[in-house]
Amino acid sequence: MSAPVQIAIALASVLVLLGLMAVVRRFATAHEIGPEMQRKLVHIGTGLYALTLPWLFPDRWPVYLLVGVTLVVMLVLRLPKIATTGLGATLHGVERHSYGDLMLAIAVGMCLFLSGDQPWLYVLPIAILTLADAAAALAGSSYGRKFFIVEEGRKSIEGSVVFFTLSFLISLVCLMLMTPLPPVNMLLISAMVAGFGTMVEATSWQGFDNLFLPVGLLIFLATHAQKDPLSLTVLAVGFALSVITFL
């Protein structure tokens with residue numbers, strides 16, 4: 001694929017993002033959907049599209065171009081006169097202050113760069129960020145009954161349970177389909193990925209989990225995925241004890 005074609009696809013991808021925001025905004029207006037749901041719908045759509053990038057572009061530099069242009073667009077949508085109306089309100093209509101849109105774009109670029117020639121190191125963290133994070137937020141806001149205090153306010157135990165469960169399943173499926181790891185490794189790694197991700201999501205503030213979660217998961221996977229089952233078991237026990245101590 002030639003360079004001009006890849007540049008055209010990168011720029012068209014930004015237009016797709018803006019189109020997604022416009023569709024979500026119109027749908028929300030017609031069906032009285034709240035700002036948080038609008039934000040999560042854009043989050044899911046953007047994340048799912050980001051999962052295709054390693055196969056959509058033969059080279060990496062057009063993706064970095066796409067990330068750069070997206071950051072510029074996101075900053076423009078934060079301007080006071082735009083953030084409260086039209087497309088800007090789709091992302092910034094929530095009461096809380098968040099940099100999640102910027103962090104997501106940066107995370108996509110960093111994860112693609114750090115994953116090298118191992119696509120699963122990119123797909124697994126972005127998939128968890130896209131699906132588990134959004135599902136946990138929606139479950140917590142809709143069905144949350146038991147809460148715990150965090151810096152930004154409070155999080156629901158129900159949302160954290162949903163996040164852990166989905167993260168475990170997403171991790172397990174990705175490892176089964178995209179790696180030759182032994183089954184024991186897959187189970188242990190998926191459990192630790194889910195535990196680590198749940199802690200990051202539960203203690204996040206102002207949308208920085210959109211960066212810390214996928215990059216942290218990628219570094220953990222790149223460092224520990226190839227270890228023998230005994231070493232992973234010891235690591236899992238140590239991680240569980242640290243979580244208990246933290247709680």
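**Burial, contacts and helix packing in a predicted model**

User: Why is S171 called buried?

Analyst: S171 has a relative accessibility of 0%, and buried means under 20% relative accessible area, whereas exposed means over 50% and partly exposed lies in between (1.4 Å probe, protein chains only), so S171 counts as buried. This is a predicted model, in which local features need pLDDT of at least 70 and side-chain atom pairs count only at pLDDT 80 or more, while totals for chains, interfaces and linings use all residues. Residues are numbered from 1 along each chain as its sequence is written, and side-chain values use heavy atoms, with hydrogens and water left out.

User: What does S171 touch, not counting residues up to four places away in sequence?

Analyst: S171, which lies in helix 9, touches L124, S190 and V193 when residues up to four places away in sequence are not counted, a contact being heavy atoms within 4.5 Å.

User: What makes F113 exposed, and which residues is it in contact with?

Analyst: The relative accessibility of F113 is 58%, and therefore F113 counts as exposed under the cut-off already given. F113 is placed in helix 7 (residues 100–115), where helices are DSSP runs of H or I of at least four residues and strands are runs of E of at least two, both numbered from the N terminus. Leaving aside neighbours within four places in sequence, F113 is in contact with R60 and Y64, and the C-alpha atoms of F113 and R60 are separated by 7.9 Å although these residues are 53 apart along the chain.

User: What makes a set of residues a nonpolar core, and which members of the largest one touch the most others?

Analyst: A nonpolar core is a set of buried Ala, Val, Leu, Ile, Met, Phe, Trp, Tyr and Cys residues joined through side-chain atoms within 4.5 Å. The largest such core has 57 residues, and L53, V108, Y122, I128, I189, V193 and L221 touch the most other members. Helix 8 (residues 119–143) gives the most to this core, with 11 residues. L53 itself touches V63, L66, V108 and Y122, not counting residues up to four places away in sequence.

User: How do you know that helix 9 and helix 10 meet, and what is the make-up of their contact?

Analyst: Residues of helix 9, including S160, F164, S171 and L175, meet residues of helix 10, among them M186, S190, V193 and T198. The residues of this contact divide into 13 nonpolar, 7 polar and 1 charged, where Ala, Val, Leu, Ile, Met, Phe, Trp, Tyr, Cys and Pro count as nonpolar, Asp, Glu, Lys and Arg as charged, and the others, Gly among them, as polar. The axes of helix 9 (residues 157–178) and helix 10 (residues 183–202) come within 8 Å and cross at roughly 140°, with axes being lines fitted to C-alpha atoms over the stretch in contact and angles running from 0 to 180 degrees between N-to-C directions.

User: How many disulfides does a search of the whole structure find?

Analyst: The search finds 0 disulfides, a disulfide being a pair of cysteine sulfur atoms within 2.5 Å. C111 has a relative accessible area of 0% and is therefore buried, and C174, at 10%, is buried as well.
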